[in-house]
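Please study the sequence and the structure before reading each solution.

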Amino acid sequence: SNAQQFGLRHYTAVDGLPQSQVNAIVEDANGYLWIGTNGGGLARFDGKEFKTYNTLDGLLSNVVTSLMLDAKQNLWIVHPHGISRFNGIQFTVFQSPQPNPKRIRRIFEQSDSVFFITQPGSMGKIYRDSVYFWEKPILSGKNIFSAMKLRNQQLAFYLNDSSFLIMDE
């Protein structure tokens with residue numbers, strides 16, 4: 001059998017990528033690739049050129065760890081200690097009100113438009129542009145690897161000790 005041939009194109013800083021370490025990529029409804037880098041900020045790629053966004057444009061940090069598009073095509077940009085949202089025109093920044101913020105690990109959307117943020121040992125949400133955090137004793141000292149809200153409004157977690165937890169909100 002013959003090996004399948006793929007056309008690959010390698011993009012680097014020479015091509016306009018703002019930084020060579022890429023942490024996240026997502027494609028929007030218009031076909032743009034949004035690329036989160038480890039210190040170069042955010043790049044939008046149209047297949048030919050890169051447009052770069054950084055703290056001078058309104059990002060909270062130039063370190064981007066994760067990206068998510070919501071149902072309204074807002075781009076959510078996760079930074080180590082906060083989140084930026086880009087609506088195509090401007091950035092809105094969400095920071096932890098805690099004096100020593102924990103590292104943000106995951107963000108996801110639910111049908112009720114509440115965004116949940118998982119952090120090591122705690123949960124939070126962004127609702128109507130306000131940030132809410134809460135501590136649950138069962139999560140103390142554990143890292144949340146994945147989380148989701150179930151149809152019955154319970155929260156499901158996969159934790160670093162390989163356990164699975166379901167909790168009422």
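In this predicted model, Trp 76 and Phe 94 are both buried. The exercises start from this pair.

**Exercise 1.** Classify the ring pair formed by Trp 76 and Phe 94.

*Solution.* 
Step 1. A pair of aromatic rings is described by the distance of the centres and the angle of the planes.
Step 2. The ring centres of Trp 76 and Phe 94 are 5.6 Å apart, and the planes meet at 25 degrees.
Step 3. Planes under 30 degrees apart count as stacked, so the pair of Trp 76 and Phe 94 is stacked.
Step 4. Trp 76 belongs to strand β6 and Phe 94 to strand β8 (residues 91-95); the pair links distant parts of the chain, 18 residues apart.

**Exercise 2.** Classify the ring pair formed by Tyr 53 and Phe 86, and state which strands hold these residues.

*Solution.* 
Step 1. The centres are 5.2 Å apart and the planes stand at 50 degrees, so the pair of Tyr 53 and Phe 86 is tilted.
Step 2. Tyr 53 is in strand β4 (residues 50-53) and Phe 86 in strand β7 (residues 82-86), so the pair ties together parts 33 residues apart in sequence.
Step 3. Tyr 53 and Phe 86 are both buried.
Step 4. Together with Trp 34 and Phe 91, Tyr 53 and Phe 86 form one aromatic cluster.
Step 5. The charged end of Lys 51 sits over the ring of Tyr 53, 4.8 Å from the ring centre.

**Exercise 3.** How many residues does the largest nonpolar core have?

*Solution.* 
Step 1. The largest nonpolar core has 13 residues; Leu 75 and Phe 86 are among those with the most contacts inside it.
Step 2. The elements giving two or more residues to this core are β1, β5 (66-69) and β6 (75-79).

Note on methods: Residues numbered from 1 in each chain as written. Predicted model: local features only at pLDDT ≥ 70, side-chain atom pairs only at ≥ 80, totals over all residues. Heavy atoms only, no water. Core = buried A, V, L, I, M, F, W, Y, C linked by side-chain atoms within 4.5 Å. Buried < 20%, exposed > 50% of the residue type's maximum accessible area, 1.4 Å probe, protein only. Helix = DSSP H or I, 4+ residues; strand = E, 2+ residues; numbered from the N terminus. Phe/Tyr/Trp six-rings, centres within 6.5 Å; stacked < 30°, edge-to-face > 60°. Lys NZ or Arg CZ within 6 Å of the ring centre and 35° of its normal.
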